Amino acid sequence: MEQKEDLLKEVIGHAKEYGFVFPSSEIYDGLAATYDYGQLGAELKNNIKQYWWKSMVQMNENIVGLDSSIFMHPTVWKASGHVDAFNDPLIDNKDSKKRYRADVLIEEHMEKILQKINKEVEKAAKKFGDAFDEAQFRATNPNVLRNQEKITSIEDRMRTTLENNDLDGVKQLIEDLEIVCPISGTRNWTEVRQFNLMFSTEMGSVAGDASTIYLRPETAQGIFVNFLNVQKTGRMKIPFGIAQIGKAFRNEIVARQFIFRMREFEQMEMQFFVRPGEEMQWYNHWKAARLNWHKKLGLGDQYYREHDHIKLAHYANAASDIEFDFPMGFKELEGIHSRTDFDLKQHEQYSGKKLQYFDTELNQNYVPYVVETSVGLDRMFLAVLSASYKNEVLEDGSERVVLTIPPALAPYKVAVMPLTKKDGLPEKARAIIDELKFDYLCQYDEKDSIGKRYRRQDAIGTPFSVTVDHQTLEDNTVTIRDRDTMEQIRVPIAELHTRIEAKVSWRSLLAN
Ligand code: ATP
């Protein structure tokens with residue numbers, strides 16, 4: 001645990017030092033939980049967006065993109081349920097004066113019990129060695145069973161109290177579980193209150209004429225209200241999807257953990273419209289497809305786990321999270337939700353317009369069901385950055401910090417370096433960049449020793465470094481160094497493009 005907390009600090013420090021992420025308005029001492037993406041961060045973020053967009057829109061004939069506005073008619077949020085129900089239950093500790101989400105406090109308590117179970121299983125696995133049957137152990141060990149029952153009963157109580165908006169019941173549960181404030185260590189809690197997460201502002205400049213509008217808390221509604229526009233103009237046939245990347249805003253009660261939870265963030269959402277009754281089949285399809293999309297990045301399968309929801313949002317009939325092992329532990333990275341026909345039906349009701357599809361095969365009109373995939377771009381960024389950050393001790397005892405960012409996502413793909421600043425080597429290096437820059441973001445670097453320059457590229461995750469030396473002038477060969485293996489080989493300049501492409505191309509990521 002200790003080590004992982006250090007990792008988050010190191011990643012934040014590294015991200016700032018190399019121009020990935022800066023605190024926002026830093027010269028004014030920053031604004032809580034708001035960050036700016038720097039010169040390298042903007043590149044990495046754009047590349048993550050491209051990976052998502054290409055895999056959704058370019059690779060699927062029946063998915064198209066959209067870019068809807070952040071401001072929407074206020075009734076949208078009435079219809080979607082956000083005005084009445086987009087709340088988080090909050091609770092304060094009277095001693096530390098710290099504010100918490102009541103449901104998160106309870107979930108963290110359950111996570112601790114789960115850890116106990118896992119420890120028990122690990123201990124037994126060590127004791128019994130090869131003969132260990134984990135499934136049987138989990139099904140029969142009294143300690144495991146007792147703890148599992150505890151979790152189930154807490155889950156049940158949490159679900160019913162939250163679903164019934166029984167805030168006293170939530171408080172009672174926190175008291176019964178003897179949950180203490182992590183800061184003060186006391187159980188001196190306030191009542192639980194609901195807090196709406198939408199930011200609002202006024203539109204219009206004439207006094208009295210202004211109306212309250214909201215900053216969208218999700219990009220999904222822009223897709224729903226355009227469902228028929230896209231279906232008709234794009235001649236889309238069900239099943240089909242609409243994808244969108246854009247900013248969303250939530251006045252989070254507790255915004256912290258770097259870019260994991262911010263009040264302004266970006267989402268990559270896709271709404272998939274299906275025949276009523278076929279939603280579970282598509283829900284399972286997208287659950288598997290999205291997990292596969294993540295795993296193909298090659299960060300390591302152990303970073304992912306799936307978590308099926310117990311507390312369903314007001315619009316869903318099934319929901320699951322893909323969780324990632326962030327430096328703070330396993331947390332939600334992406335949500336896959338079966339949203340039924342809730343949103344379209346609500347918009348039909350509130351707008352008075354029909355939002356139906358005529359299915360020529362069934363010869364029938366219906367309001368489609370929707371399966372949504374929703375991933376936070378900033379959380380993806382943190383996932384990639386934290387899993388790529390490595391502090392390595394090399395064979396000769398020296399150390400290096402390297403970002404093993406998946407090559408297709410790396411900000412710079414190649415650095416080109418003249419061995420010395422004279423004898424025409426810089427010109428030769430620039431000529432190589434002039435060729436490669438049509439396809440790749442390249443960096444030119446002539447300062448310091450080659451060793452130092454390699455370290456700088458390792459620290460920003462550049463997959464290749466190319467060195468131009470005197471031999472290059474004679475035979476047009478260069479050395480190319482691989483970031484991960486640190487191997488250097490001599491190759492003709494004419495081969496550079498093919499070698500780089502083999503590693504950084506989108507094809508390798510997008511192919512199944
Ligand atoms: P959480 O439980 O962590 O608050 P959520 O379940 O409210 O998340 P969704 O409404 O499902 O999140 O939003 C979809 C995705 O948007 C999430 O999986 C997450 O990646 C991202 N996201 C949500 N809230 C934030 C935030 N405050 N900062 C950054 N990303 C966020």
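By class, five nonpolar, five polar and seven charged residues make up the shell around the ligand. Here Ala, Val, Leu, Ile, Met, Phe, Trp, Tyr, Cys and Pro count as nonpolar, Asp, Glu, Lys and Arg as charged, and the others, Gly among them, as polar. This is a predicted model, where local features need pLDDT of at least 70 and side-chain atom pairs pLDDT 80 or more, while totals for chains, interfaces and linings use all residues. Residues are numbered from 1 along each chain, and side-chain values use heavy atoms, without hydrogens and water.

Q: Which residues come nearest to the ligand?
A: Of the 17 residues around the ligand (a heavy atom within 4 Å), E252, R261, M262, E332 and L333 come nearest.

Q: Why are L496, I500 and V504 said to lie on the same side of α17?
A: These three residues of α17 (496-504) are buried, that is, under 20% relative accessible area with a 1.4 Å probe, protein chains only; exposed means over 50%, partly exposed in between. They cover an arc of only 35° around the axis, and therefore sit on the same side of α17. The arc is taken from the directions from the helix axis to the C-beta atoms. A helix is a DSSP run of H or I, at least four residues, and a strand a run of E, at least two, numbered from the N terminus.

Q: Which residues are exposed on the other side of α17?
A: T498 and A502 are exposed there.
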